[in-house]
Amino acid sequence: PLSGFRCTCGAAEQLEQERLRLVSHSRSVTERSECLGVREEEALRRRQEYEVGLRALLDSERDFQDRREEAAKRRAQAESVLLEVTQQEESLSSVEAALEQEEAQLAELEAEA
């Protein structure tokens, strides 16, 4: 403190007031700086959480696409098998019809004989 000086013009008192104001301002700046540091840490933590969540979402999307592709492949295989079975059934139906016709002709021939 400058109060130890014997100044009668008031300059020492003004200097002391300015010193106290600067000390107060310095404390205020320090407090704001600390507050900003805390906010910066919080923002960094939230960003990291966001990045983790985004990675999880992207992984989930990739898994979904893989499962979707696998389901499409299985569907195509099932449709192929279904088509093959349908064609075989049609072929068997025509063979069965031919056999029934031959059986009817054979029954006629046996009846004539």
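Residues are numbered from 1 along each chain as its sequence is written, and side-chain values use heavy atoms, with hydrogens and water left out. Because the model is predicted, local features need pLDDT of at least 70 and side-chain atom pairs count only at pLDDT 80 or more, whereas totals for chains, interfaces and linings use all residues.

The C-alpha trace spans about 155 × 15 × 10 Å along its principal axes. Cys35 and Glu102 are 67 residues apart along the chain, and their C-alpha atoms are separated by 99 Å.

Of the 113 residues, 2% count as buried, where buried means under 20% relative accessible area, exposed over 50%, and partly exposed in between (1.4 Å probe, protein chains only). The accessible surface comes to about 10600 Å², of which 54% belongs to carbon and sulfur atoms. Accessible areas come from the Shrake-Rupley method with a 1.4 Å probe; for residues, only the protein chains shown count as cover. On the surface, Tyr50, Leu54, Leu57 and Leu58 form a nonpolar patch with about 400 Å² of accessible area together. Patches are made of residues with over 30% relative accessible area and no salt bridge, like charges being joined within 9 Å and nonpolar side chains (Val, Leu, Ile, Met, Phe, Trp, Tyr) within 5 Å. Leu58 lies in helix α1 (residues 11–112) and is partly exposed, with a relative accessible area of 39%. Cys35 also lies in helix α1 and, at 43% relative accessibility, counts as partly exposed.

The protein has 16 positive and 27 negative side chains, and the centres of the two sets lie 29 Å apart. Lys and Arg count as positive and Asp and Glu as negative, while His and the chain ends are not counted; the place of a charge is taken as NZ of Lys, CZ of Arg, CG of Asp or CD of Glu. A search of the whole structure finds eight salt bridges, each defined as a side-chain nitrogen of Lys or Arg within 4 Å of a carboxyl oxygen of Asp or Glu.

One of these joins Glu16 to Arg19, with the closest N and O atoms 2.7 Å apart. The two residues are three apart in helix α1, and therefore separated by about one helical turn. Glu16 is buried, with a relative accessible area of 16%, whereas Arg19 is partly exposed at 35%. Glu42 and Arg45 form another salt bridge, the closest N and O atoms being 2.3 Å apart; both lie in helix α1, three residues apart, about one turn of the helix. Glu42 is partly exposed at 33% relative accessible area, as is Arg45 at 35%. A salt bridge also links Arg75 and Glu79 (3.0 Å, N to O), which are four residues apart in helix α1, about one helical turn. Arg75 counts as exposed at 57% relative accessibility, and Glu79 as partly exposed at 43%. Finally, salt bridges that share partners join Glu42, Arg45 and Glu49 into one network.
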